[in-house]
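Here is a short briefing to read beside the sequence and the 3D view.

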Number of protein chains: 2
Amino acid sequence: MLEQLIDALRVLPGVGQKSAQRMAYHVLERDRDGGQRLSEALASAVERIGHCKRCRDFSETELCATCASASRDGHQLCAIESPADRLAIEQATGYRGLYFVLQGRLSPLDGIGPRELGLDQLADRLGEGEVRELIIATNPTVEGDATAHYLAQIARKHAVRPSRLAHGLPLGGELEYIDRGTLAHAFGSRAEITE
Amino acid sequence: MLEQLIDALRVLPGVGQKSAQRMAYHVLERDRDGGQRLSEALASAVERIGHCKRCRDFSETELCATCASASRDGHQLCAIESPADRLAIEQATGYRGLYFVLQGRLSPLDGIGPRELGLDQLADRLGEGEVRELIIATNPTVEGDATAHYLAQIARKHAVRPSRLAHGLPLGGELEYIDRGTLAHAFGSRAEITE
């Protein structure tokens, strides 16, 4: 039974044999109540959390709270790779538009293509005519860039203006420690200082 | 519900807000079956795994398989800090004696004293007269050393011979990278080479 628990813990990302063992022992030695709570939380989340039919984010209801809200601006749509990105944007910015969650990025080798990312659904949405700007907030990685390129094409086809988050030096970073690609990009995209 | 799951995942050691988020998303996006299995494994482990009344290791039965086995040598008892140490010793050595699991180490600041480690029970066991050698395999840390010292006193009081795992250079290690304490100890404890 202990072996089953250790095995089962390995479904969690980044958890190998050793950490799974440590986790199992920790729960059994020090926090059985917590283990019970985790068991229940997992069971009900797995059973009851589905996807919002409009933005594909996780949701217990057919339409998530953001999509259902009357106070969000339907003219702006922000495409993100994962639900965690939505949290990050909500916490850091004053963005009041809507989201579209790709739940991944184009990655042909892993069998993730336009269909898996719901791009048909996105195209339909842009075709409805309400969205004016598609803010593409995929990660600044090779695959994220390819996905952004593809999304921009879809947007243009529907006469929606695509935009992309700015790249450059992170605030508080030191030039010396910035990777070369970022530094080269920031240097090339330098902006004139106006009074 | 997602928030509850993320919160609940933080009972696992080494899991903070960010990793809990990543784990929850991973389970919901990619492995709901695994999440379901983990939920069940946790529930039954928490409910059904107790402690062996003889060695204090985790066990589903009153007496664990090792303590119940007729083929183990009752003259040797190995005191270890945690069940994981038993696994490590079983896998690495040919030890055929029994174990006593402290489930911790003396740590007065954390409120862990002789009672929490079951040292009364250990003393009773040594008093029974069957055990001839107490192999003290606590970790080579300050607290592990203090615990070992205390255990050795108990053993001597019951005329049981205490022994401790050898300290020295790890096999395959390079002198240059060994910490100074270990090197000093290994140097001081050097043994004569006989033909």
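A:Arg96 touches A:Ser71, A:Arg72 and A:Asp73, with residues up to four places away in sequence not counted. Contact here means heavy atoms within 4.5 Å. This is a predicted model: local features need pLDDT of at least 70, side-chain atom pairs count only at pLDDT 80 or more, and totals for chains, interfaces and linings use all residues. Residues are numbered from 1 along each chain as its sequence is written, chains are lettered from A and ligands numbered from 1 in the order in which they are written, and side-chain values use heavy atoms, with hydrogens and water left out.

**A:Arg96 in its setting**

- A:Arg96 sits in the loop between H5 and strand E4 (97-101) of chain A. Helices (H or I, at least four residues) and strands (E, at least two) are DSSP runs, numbered from the N terminus.
- A:Arg96 counts as partly exposed, at 43% relative accessibility. Buried means under 20% relative accessible area, exposed over 50%, and partly exposed in between (1.4 Å probe, protein chains only).

**How the two chains are related**

- Chain B superposes on chain A by a rotation of 180° with 0.1 Å of shift along its axis, at an RMSD of 0.1 Å. That is the relation of a two-fold axis.
- The superposition is by least squares on the C-alpha atoms of residues with pLDDT of at least 70 in both copies.
- Which residue of chain B comes closest to the rotation axis? B:Ser39 does, at 2.1 Å (C-alpha).
- The copies meet through the same surface, because 100% of the interface residues of chain B are also interface residues in chain A.

**The largest nonpolar core**

- The largest nonpolar core has 44 residues. A:Leu9, A:Leu12, A:Leu38, B:Leu9, B:Leu12 and B:Leu38 touch the most other members.
- Helices H1 (2-9), H2 (17-30) and H3 (32-48) of chain A, and H1 (2-9), H2 (17-30) and H3 (32-48) of chain B, each supply at least two residues of this core.
- Such a core is a set of buried Ala, Val, Leu, Ile, Met, Phe, Trp, Tyr and Cys residues joined through side-chain atoms within 4.5 Å.
- B:Leu12 is in contact with A:Leu9, A:Leu12, A:Met23, A:Val27 and A:Leu38, leaving aside its neighbours within four places in sequence.

**A helix pair across the chains**

- Helix H5 (residues 83-92) of chain A packs on H2(B) at an angle of about 140°, with the axes 10 Å apart. That makes H5(A) oblique to H2(B).
- Axes are lines fitted to C-alpha atoms, for helices over the stretch in contact, and angles run from 0 to 180 degrees between N-to-C directions. Under 35 degrees is roughly parallel, over 145 roughly antiparallel, 65 to 115 roughly perpendicular, and the rest oblique.
- A:Pro83, A:Ala84 and A:Leu87 in H5(A) meet B:Gln21, B:Tyr25 and B:Glu29 in H2(B).

**Two positive phi angles**

- Most residues other than glycine have a negative phi.
- A:Arg56 is not a glycine, yet has a positive phi of about 70°. A:Arg56 lies in the loop between strands E1 (50-51) and E2 (58-59) of chain A, and is buried at 16% relative accessible area.
- A:Ala159 also is not a glycine and has a positive phi of about 55°. A:Ala159 is exposed, at 71%.
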